[in-house]
Amino acid sequence: MEIGKFNLIKTEGRARRGEFCTAHGVVQTPVFQNVGTAGAIKGAVDAFDLKELGCQIELSNTYHLHVRPGDQIVKQMGGLHKFMRWDGPMLTDSGGFQVFSLATLRKIKEEGVTFHSHVDGRKIFMGPEESMRIQSNLGSDIAMAFDECIENPAPREYVKNSIDRTTRWLKRCKTELDRLNTLPDTVNPHQMLFGINQGGTYDDLRIEHMQAIAELDLPGYAIGGLAVGESTEVMYHILDVVLPHAPEHKPRYLMGVGTPSNIIEGVARGIDFFDCVMPTRNARHGHLFTHNGILNIMNAKYQTDDRPIEEGCQCPTCQRFSRAYLRHLLKSGEMLSQRLLVMHNLWFYNHLMQEIRDALDNGTFEAYRAEYSEKMSKRI
């Protein structure tokens with residue numbers, strides 16, 4: 001299978017089962033990308049653990065790695081795959097979301113955005129070309145386009161001007177990445193660019209923008225600017241509206257989403273790629289995902305509970321440790337609690353995707369959705 005090829009194996013309703021080929025392996029979709037922001041999963045989980053936990057794609061952050069250790073240093077170390085010892089497919093986001101959410105005193109111009117680092121306050125400029133150069137230095141398989149992540153809600157006129165500029169930025173990203181991929185010292189000459197659909201919560205602007213960026217015939221397309229404060233119903237509505245206009249034979253990526261229920265509902269609407277910090281962040285606070293809903297390990301009722309987090313779970317944590325012990329570790333502030341709880345949640349998410357793929361293969365996805373979509377979002 002050629003790099004950049006998306007093979008749509010079968011569909012069930014609007015749900016899709018596929019394969020996407022990268023320089024570091026073939027990804028089975030639908031897929032959840034495990035978020036290692038600065039080249040590591042928060043919670044003391046390394047690249048070798050990710051393999052054991054069933055991870056297919058690791059996702060790292062352009063902005064954070066640019067700030068430290070510096071993308072030039074990562075390139076000098078042979079690229080991010082080699083640096084963090086992950087040999088599978090990797091996606092890097094563009095840094096745009098962080099520029100618009102973390103940075104203060106930012107100034108947007110046609111060239112790009114000037115802002116101050118959240119680490120040391122130094123002034124940084126990032127535009128489409130800079131984002132592509134940083135991501136090229138990191139050497140990921142999929143580079144995300146530099147875009148403006150618009151707040152919801154935002155005035156219509158602002159959103160319209162923003163998506164027009166994001167389209168112009170996308171064309172510049174494509175030109176620059178094409179150039180970088182031809183250089184003799186590029187880390188990954190097979191790096192691919194995914195475009196990002198924006199448009200706030202305006203149906204017509206979302207459609208208009210998707211149609212505009214689809215003309216560029218990129219290897220994949222993301223839906224950005226959702227799960228940033230709007231209701232779940234609005235998010236699902238935007239997906240229903242915009243996905244019919246996304247290229248059918250290219251992967252579709254819903255950025256920053258979400259709960260197990262969000263993922264099941266996203267798949268039902270035609271999404272192939274997901275990512276979210278939720279499984280790791282929630283784990284570090286003792287909120288654990290199971291097929292029966294969300295369990296809070298800090299509850300007093302688990303103080304002498306010798307069962308695993310979830311009966312039948314094959315993750316390393318459930319195979320070895322009791323709820324009582326895990327509660328004790330977290331309550332005592334032991335670092336080990338972070339590692340063990342994060343490992344469970346990542347295993348759960350990666351194997352949720354395997355269950356979804358199996359259901360699609362067997363033509364039973366709608367039955368799976370009916371059984372688990374609501375159930376997994378309940379608190380136990």
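P153 is placed in the loop between β10 (142-144) and helix α7 (residues 156-180), where helices (H or I, at least four residues) and strands (E, at least two) are DSSP runs numbered from the N terminus. The peptide bond from N152 to P153 is cis, with omega near -10°. The model is predicted: local features need pLDDT of at least 70, side-chain atom pairs count only at pLDDT 80 or more, and totals for chains, interfaces and linings use all residues. Residues are numbered from 1 along each chain as its sequence is written, and side-chain values use heavy atoms, with hydrogens and water left out.

**Loops and backbone**

- A cis peptide bond also leads from T29 to P30, with omega near 5°; P30 lies in the loop between β3 (25-29) and β4 (31-35).
- D217, in the loop between α8 and β12, has a positive phi of about 50° although it is not a glycine.
- With a relative accessibility of 56%, D217 counts as exposed (exposed means over 50% relative accessible area, buried under 20% and partly exposed in between, for a 1.4 Å probe and protein chains only).

- Strand β11 (residues 192-197) runs parallel to β12 and is joined to it by four bridges; two strands pair if DSSP finds at least two bridges between them.
- The chain passes from β11 through helix α8 (residues 203-214) to β12 in a right-handed β-α-β crossover, meaning that the path from the first strand over the helix to the second runs clockwise with the strands pointing away from the viewer.
- Three bridges pair β12 with strand β13 (residues 252-254) in the parallel sense.
- From β12 the chain crosses through helix α9 (residues 232-242) to β13, again as a right-handed β-α-β crossover.
- A222 stands opposite I196 and also opposite Y253 in β13.

**Helices α7 and α8**

- α7 and α8 pack at an angle of about 10°, with their axes 11 Å apart; axes are lines fitted to C-alpha atoms, for helices over the stretch in contact, and angles run from 0 to 180 degrees between N-to-C directions.
- This makes α7 roughly parallel to α8, a term for angles under 35 degrees.

**Residue D71**

- D71 is found in helix α3 (residues 71-76) and is buried, with a relative accessible area of 7%.
- The side chains of D71 and H66 make a polar contact (2.7 Å), that is, a pair of N or O atoms within 3.5 Å; within protein, one must be able to donate a hydrogen and the other to accept it, and residues adjacent in sequence count only if both atoms are side-chain atoms.

Methods. Parallel < 35°, antiparallel > 145°, perpendicular 65-115°, else oblique.
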